[in-house]
Structure formats: structure tokens, C-alpha cells
Amino acid sequence: QVQLVEYGGGLVQAGGSLRLNCAASGIISNINTMRWYRQPPEKQRELVATITPGGSTYYADSVKGRSTISRDDVQKMVGLQMNHLKPEDTAVYYCNADIITPPTYKNLEVWGQGTLVTVSS
């Protein structure tokens, strides 16, 4: 069974930095686009950043210039470095990826369980 597990969340002061990591496990043939989403308290889940297998990236305006998404295809991981954190960055952060698995070799969208990031003012 393919899984994504996030780690690295926690409590940080405003202006600080935090790095989230997400590791894929299971029988995996290939990982396509990898993404980070977040869900602030009492708000809808929103896309934060994406990275393609070729390294093309996208950032939401709210994090652009403060965050960097990266991936390691050997380790089957995706990371999100967040700097200059603000209280409004407080959210549960979710890892998401399009994963190709045998025997069907169809694209499977997989979600992690989420990790809480709390930014104190």
C-alpha cells in the first residue's frame, strides 16, 4: 500500500523558519507531480506549492518568495522550506502526489495524514 507521511511540523515564532518533509513508501513505479496543501483553522484546504518531475514549481501568492519546494526522487521525498513565517501560515499541511504503482500503472492520487504548523505572534 502506497503511503505519504509528513513530518517536521510544530510550533514556531513569527519570522522563523520551518522545513516540512514528506516521504512516500510502498511499491512505487514513478512519482509525478508532488504538492503541498494546507488547511488553516475553519477554512478550506488550499494549494501551497507544486513540483513536477522536471523540477518546475508553482507557489501560491501567499507563500511566494518565502517558501521553496524541492523533491528527491531517489529518496521518494518532497520538502517545503518555509521562511519568514506569519501567524496566517498556521494550518495543517498535507503532502499530495500523483503516484504510479504496479500492477495497473495507473495514476493514483495519494494524500498524507497532515502535520500541524502553528506560528505564534
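So, D89: leaving aside neighbours within four places in sequence, this residue touches R38, R66, H84, V117 and V119. Keep in mind that we're looking at a predicted model. Where does D89 sit? In the loop between β8, residues 77-82, and β9, residues 91-101. And buried or exposed? D89 comes out at 2% relative accessibility, and the cut-off for buried is under 20%, so D89 counts as buried.

Okay, on to the aromatics. The count here is two aromatic pairs. Take Y37 and W111: the ring centres are 4.8 Å apart and the planes sit at 50 degrees, so we call that pair tilted. Y37 is in strand β4, residues 30-39, while W111 is in strand β10, residues 106-111, so this pair ties together parts that are 74 residues apart in sequence. Y37 counts as buried, at 18% relative accessibility, whereas W111, at 35%, is partly exposed.

Then there's Y94 with W111. Here the ring centres are 6.4 Å apart and the planes are at 80 degrees, so that pair is edge-to-face. Again we're linking distant parts of the chain, with Y94 in strand β9 and W111 in strand β10, 17 residues apart. Y94 is buried too, with a relative accessible area of 12%.

Now, which charged end sits over the ring of Y94? That's R45, at 3.8 Å from the ring centre. The charged end of R45 also sits over the ring of W111, 4.7 Å from the centre of that one. Have a look at R45 on the screen, and that's me done.

Definitions and conventions:
Residues are numbered from 1 along each chain as its sequence is written. This is a predicted model: local features need pLDDT of at least 70, side-chain atom pairs count only at pLDDT 80 or more; totals for chains, interfaces and linings use all residues. Side-chain values use heavy atoms; hydrogens and water are left out. Helices (H or I, at least four residues) and strands (E, at least two) are DSSP runs, numbered from the N terminus. Buried means under 20% relative accessible area, exposed over 50%, partly exposed in between (1.4 Å probe, protein chains only). Contact means heavy atoms within 4.5 Å. Rings of Phe, Tyr and Trp (its six-membered ring) pair if their centres lie within 6.5 Å; planes under 30 degrees apart count as stacked, over 60 as edge-to-face and the rest as tilted. A charge sits over a ring if NZ of Lys or CZ of Arg is within 6 Å of the ring centre and within 35 degrees of the ring normal.
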